[in-house]
2 protein chains.
Amino acid sequence: MLNPCDPSFVARLGALVPEGTLSAPEPRHLEEPRGRWQGQAGVLARPRAVAEVAAVVRACAAARVGIVPVSGGTGLVGGQIMVDGPAPVLLSLERMTALRGVYPEENAMVVEAGMLLADVQAQAEKVGRLFPLSLASEGSCRIGGNLASNAGGTGVLRYGNARDLCLGLEAVLPDGSVFNGLTRLRKDNAGYDLRHLLIGSEGTLGVITAASLKLFPRPAERVVALLAVPSPAAALKLLSLCGERAAGMVSGFELISRMGFDFLAETGFDLRSPFDPVPEWVVLLELELPAGLEPEAMMAQLYEAGTGAGLVSDGVIATSEAQASHLWALRETIPLANRKVGAVSSHDISLPLSAIAGFIAEAPGAIAGLGAFRVNCFGHLGDGNLHWNVFPERGHAKSEHEAVRDRVKTVVHDLVHSLGGSVAAEHGVGRLKVSDLARYADPGKLAAMRAIKAALDPAGIMNPGAVLA
Amino acid sequence: MLNPCDPSFVARLGALVPEGTLSAPEPRHLEEPRGRWQGQAGVLARPRAVAEVAAVVRACAAARVGIVPVSGGTGLVGGQIMVDGPAPVLLSLERMTALRGVYPEENAMVVEAGMLLADVQAQAEKVGRLFPLSLASEGSCRIGGNLASNAGGTGVLRYGNARDLCLGLEAVLPDGSVFNGLTRLRKDNAGYDLRHLLIGSEGTLGVITAASLKLFPRPAERVVALLAVPSPAAALKLLSLCGERAAGMVSGFELISRMGFDFLAETGFDLRSPFDPVPEWVVLLELELPAGLEPEAMMAQLYEAGTGAGLVSDGVIATSEAQASHLWALRETIPLANRKVGAVSSHDISLPLSAIAGFIAEAPGAIAGLGAFRVNCFGHLGDGNLHWNVFPERGHAKSEHEAVRDRVKTVVHDLVHSLGGSVAAEHGVGRLKVSDLARYADPGKLAAMRAIKAALDPAGIMNPGAVLA
């Protein structure tokens, strides 16, 4: 059992860290973007150095006081919010934002965990390089949280998830010891890969304090098109066609449904579809090209090949950076419109590519008996990652469906699981999906996870209640 | 303490698995390529299905009998060879070679762990795809061993290490339970990443029985050149130049020293340098190009840019696939020549790219006091991975340096470590580098590794003595 972070513990902790490290948490530290949960904490710790992080963790381990690491606070699964139980220490790395080193000739950069993702991107750009992790929340999320949750986003198709962009980590382990693993090596087989164990463990196995990141050359050209497709199955065939004809150049392949455009109009966003009437399914296709290829000609070739194969019925190709940004804005504003409409249930799922069309066809029927719903299905089709979100009909409130909300989620997740998919694709498990993990995860995996957690964090102080119950 | 695999245990084990599963090990199961160690075992188990693997592991766990997993037997660090201690069960997956499924439209393939790497490549090619892991031993190594040791090879620069090519795993854990993780998902954040923990753990945390692998489109064109460079520092600047001008297309960047060519001649390989006189440093540069770019023109552009910047002094561009293969043969035959010459000490090291030139300049001086040596330095420069191997002078035998062999190794490894490098870059730790790991690994990492090992394999039956003492 954990002990609460009470005033006497706060006093003891205060003696171990520089003055000003501890304070009362601000509201922003106890809230999350969907407004579903309200956190609580005994104190907020904002250390300025890894030794101070270690001092906090060591003290908590000795006193069996829980620690909830908070990063940018943009997570959607409650990983940063502990609603009840013994009050924890909130540990924010927002004061650890230093650029520790940049090595453009190595395509590497070492940053502290509290650096905003947008600042990481900007630091890379300053030296003529690209850090390709890109999410809607990049202006407020921090790289430590991105790594702890193995963030995805729009660049995964070409560059991989957050874990694929990390060469090494510095972290404080649950006993307060420091893992010094800030290597900049591309090959290192000296022992178990703690980096990959910590990445995606959502703060339950330690606190990431700094990371060595991969950088990339900036692509010479990019070109964006919005293509009307007859069906999700056609979109997947188009993806395959693009992969064959533009190998290594497809950097974005996003699916948008007509409902997405309806929601943009309904919630007052001034973003119109370039198609009239709006087609049922649209693909946003982005290519990044090396120098020497004509971006628009390349895209036009793919467009013609797609049309010829019956996979594309209409399309627009951006001829300026402003137009390209507009097409991306359509895609990236949909989550904001969704939030305004108010979802009954949101699902961040991934599927084997060959199961996606079947899922999209079957899923609405599976929940039809539970109420009258609208579905907005969109997402990173190239990664097999859909955001399949269920909304009330127009003029109705999500609260009318409160009674069936859990049932909707279970029906959708059961279907995803039966098709070999994941119900925690890019947003992680947090506290929202702890029971899903227990329900769907392979028992062998779950037992191994529990054994690892018990071995590294025997008192269970690190982000109690997240990922594993 | 472990118990030996004695005749009574063999008899009990035989009752649990189909007839013919157990036999006496053949010599090939007890040997390794460098002829340094001779293995021993109580019995050889060659199961045909994952349930049989699980039965063997369960029985061993119950009886506290060690298991040494053997794959293709090509490992260079003794991970597959247990020289002494209680006789283990040798567990070979050579009968589990099935193609479980191939999904070209998903760029994915599921294979059993015993499939030869060359067969994995061929199965991908059959469906018009590329599986890019490529090593000198690809005709005899098996994919399970490649993953267990996180193999590197010549495709890492563009495609990553073995771990980067794996979507999911099936494995038998040390208690005999099965981890069913054969997902084909590109995004899956449902819990800790056991896949990455098992990959590179060299059979000490479980036995990989099958893997879901990433496939890639086959590149439209490739072009290979051999370029004479004034120095390793120039080679690194050339790498950077290529990365900027041919972003995403550099698929090979190998360093060869004049000693490599000398060794080829000395050991009777009929492979000549295209340069006369042979320059001190040569780079093998390979580009993989999308359709629409002219491979030879692209390479000629890089050549001219390199020459203009003083980074290239001479060069040949292959104008046929036969010429390209010849250039690669030069690089890939060097390890065979090395073996014929006979190394005093071989070092598989990686360094931050910016530390490489300094290391190459400094290292010969560091060992000069220990004897009269020749150094053959070559390797995957693009990955920061050098094979820096120490040989006797011509006319002398390696045995003459037996007394200083360990000292040479330590001096080289100390230097690598001081420069932020790894002494186990792509070949792993095995049994050869257990003491190096203990000497150089971060104490926080080592303690966490020990805790994980103890949690998942409390009796210590999985590959006893490998990686961790």
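Predicted model: local features only at pLDDT ≥ 70, side-chain atom pairs only at ≥ 80, totals over all residues.
Where in chain A is P277(A) found?

1. **The P277 loop.** P277(A) is found in the loop between α8 and β14 of chain A. The peptide bond leading from D276(A) into P277(A) is cis, with omega near 0°. Chain B has a cis bond from D276(B) to P277(B), again with omega near 0°. P277(B) sits in the loop between α8 (258–266) and β14 (281–289) of chain B. For background, most peptide bonds are trans.

2. **S273(A), in the loop between α8 and β14.** S273(A) lies in the loop that joins α8 (258–266) to β14 (281–289) in chain A. Is S273(A) buried or exposed? S273(A) counts as buried because its relative accessibility is 16%, and the cut-off for buried is under 20%. A polar atom of the S273(A) side chain lies 2.9 Å from the backbone nitrogen of F275(A). Not counting residues up to four places away in sequence, S273(A) touches F261(A) and V278(A).

3. **A124(A), in a helix.** A124(A) belongs to helix α3 (residues 117–126) of chain A. A124(A) counts as buried, at 0% relative accessibility. Which residues does A124(A) contact, leaving aside its neighbours within four places in sequence? They are M109(A), R129(A), L130(A), F131(A) and L215(A). Y103(A) is 21 residues from A124(A) in sequence. In space, the two are 9.6 Å apart, C-alpha to C-alpha.

4. **Positive phi in chain B.** Two residues deserve a look. N150(B) has a phi near 45°, a positive value in a residue other than glycine. N150(B) is placed in the loop between α4 (143–148) and α5 (156–159) of chain B. N150(B) is buried, with a relative accessible area of 4%. E202(B) is not a glycine either, yet has a positive phi of about 55°. The loop between α6 (194–198) and β10 (207–214) of chain B holds E202(B). E202(B) is buried, at a relative accessible area of 10%. As a general rule, most residues other than glycine have a negative phi.

5. **How the copies are related.** Chain A can be laid on chain B by a turn of 180° and a shift of 0.0 Å along the axis, with an RMSD of 0.0 Å. The two copies are thus related as by a two-fold rotation axis. Of the interface residues of chain A, 100% are also interface residues in chain B, so the copies meet through the same surface.

6. **Extent of the interface.** How many residues of chain A are in contact with chain B? There are 72, and they meet 72 residues of chain B. The area buried between the two chains is about 5,900 Å². Carbon and sulfur atoms give 59% of that area. On the chain A side, K187(A), N189(A) and Y192(A) lose the most area to chain B, together 19% of what that side buries.

7. **Polar and charged pairing.** Between chain A and chain B, 38 residue pairs are in polar contact. The interface also has 8 salt bridges. K187(A) forms a salt bridge with E426(B), the closest N and O atoms being 2.8 Å apart.

8. **What chain A contributes.** β9 (178–181), α6 (194–198), α7 (232–245), α11 (353–368) and α14 (443–456) each supply at least two residues of the chain A side. α14(A) gives the most, with 9 residues. By class, that side has 31 nonpolar, 24 polar and 17 charged residues.

Terms used. Residues numbered from 1 in each chain as written. Chains lettered and ligands numbered in written order. Heavy atoms only, no water. Helix = DSSP H or I, 4+ residues; strand = E, 2+ residues; numbered from the N terminus. Buried < 20%, exposed > 50% of the residue type's maximum accessible area, 1.4 Å probe, protein only. Polar contact = N/O pair within 3.5 Å; in protein donor to acceptor, adjacent residues only side chain to side chain. Contact = heavy atoms within 4.5 Å. Least-squares fit on C-alpha atoms with pLDDT ≥ 70 in both. Buried area = accessible area lost by both parts, 1.4 Å probe. Salt bridge = Lys/Arg side-chain N within 4 Å of Asp/Glu carboxyl O. Nonpolar A, V, L, I, M, F, W, Y, C, P; charged D, E, K, R; others polar.
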